[in-house]
Each structure stands twice: as C-alpha cells, then as structure tokens.
Amino acid sequence: MTDTPAPAPAAEFWEARYRDAGRVWSGRPNELLVQEAGDLAPGTALDLGCGEGADAVWLASRGWRVTGVDISATALERAAGHAAEAGVGDRVVWERHELGPSFPAGSFDLVSAHYLQSPVALDQQAVLRAAARAVAPGGTLLVVLHAGWPSWQTEPPFDAVFPTLDGVLAELALPEGEWSVETRRTARRPSVSPDGVEGFREDHVWRLRRAGGC
C-alpha cells in the first residue's frame, strides 16, 4: 500500500468516521457502477474515494486491475481485507490520498468517482478535473453524485450545494471534440431513514468516453 499522508482536518474527520464505527458500508458495489461499467472491457481502473473497497473488489472480480484510493487508513485496511477474502487481493493496489492536495499517478481505462461529496473541505471541481486527466485515450470517466437530500430529510445536517447535470459538465471544462457523453441522467432509488421512514434519493450519473485508443 502506498501511503501519502493527508493533513487535517479532512483526514481526521474521515479517519474518525471509519475508526469509531464498525463496517460503515454494505460491502456491495454501488448499483450505478454495476449498471454503467458492467459492459466495459476490463483494463486498468482507478476508484476514487473507495471507502471499504466494495466497488474496487467488484471491478477486480470482473478482471480489472484496480487502484483504490481513500483518505482513511482504516477504510483502506478494511478494503484490503475485503479484497483478500474475495480472492482478488493481487488485483488491487491501495493508496492513501487526500484528493486535491495529492492524486494518484498514471492513466487508467476507467476512472470511477462515486459520491465525492463531503461535509468537510473538498475541492470537488479540481478533483473531477484531475480525474478526467487521468483517463487514458479510449477510456471512460464515470461520475456519480447525490442530486439532493433524501426525500425524508426534513432538516439537512449541514449546508450543501448539490450539482446539476449541466453544471458538472461545464465545470469539467473538457476539451472540445476529445470527449463524448454516453450517459447523462438522474437515477432514483429507494431510501429509508434511520427511523424507518420510506422515501427515495436521486443521484446524477455521467459516463464520458475519451477519444483515442485502439
């Protein structure tokens, strides 16, 4: 595991988030990743904000060589354990980065950025632009972001500005003629509050293909 130390306060926030709890996520890959990447030919993949590794493990199980990146050392330790248990530990490299101040080197056939939204400092625009630059010719950039709070969330826990479908594409500032938009959509999924109130949440999805390659 390559360890690039991340400064406080973001590192402290996310490390505490994982360290002070048991497993945070379900261990299953994000459904939108499965939908959007399931038809892609395996190659090299970069999973930004990989958390406990479910997406990276799913990609590795389908033949991808994956670099999983997160700010939390505890999350990465759990991710490595998940990969080992799934028998794909040799197909994933784990790197610790605070995205923005540092970013993994190299280019990738798939760069996946799911839910890079944070209650603490994160230059989302800069990170997504770096993600686009990391896509190899002929490769894919997959971005998924929450479009708003869950329908049952009457009192948001913190102030947040949610993206729009057109706004993110404009912020990416992709070179004209170099990229094609394969997916630009809003997906709705069920969401249940901690008190059992049923509702939904919407996510925005962008899948973009970089020109070039064989």
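Modeller: Let us begin with two definitions. Helices (H or I, at least four residues) and strands (E, at least two) are DSSP runs, numbered from the N terminus. A crossover is right-handed if, with the strands pointing away from the viewer, the path from the first strand over the helix to the second runs clockwise. The model is a predicted one, in which local features need pLDDT of at least 70, side-chain atom pairs count only at pLDDT 80 or more, and totals for chains, interfaces and linings use all residues. Residues are numbered from 1 along each chain as its sequence is written, and side-chain values use heavy atoms, with hydrogens and water left out.

Colleague: Which elements make a right-handed β-α-β unit with β3?

Modeller: Strand β3, helix α4 (residues 73-85) and strand β4 (residues 92-96) form one such unit. Another right-handed unit consists of β2, helix α3 (residues 54-61) and β3.

Colleague: In what sense do β3 and β4 pair?

Modeller: Two strands pair if DSSP finds at least two bridges between them. Strands β3 and β4 pair in the parallel sense, over five bridges, and Thr-67 stands opposite Val-93 in β4. Strand β2 (residues 44-48) also pairs with β3 in the parallel sense over five bridges; here Leu-46 stands opposite Thr-67.

Colleague: How many residues of β3 are buried?

Modeller: Buried means under 20% relative accessible area, exposed over 50%, and partly exposed in between (1.4 Å probe, protein chains only). In β3 (residues 65-70), five of the six residues are buried.
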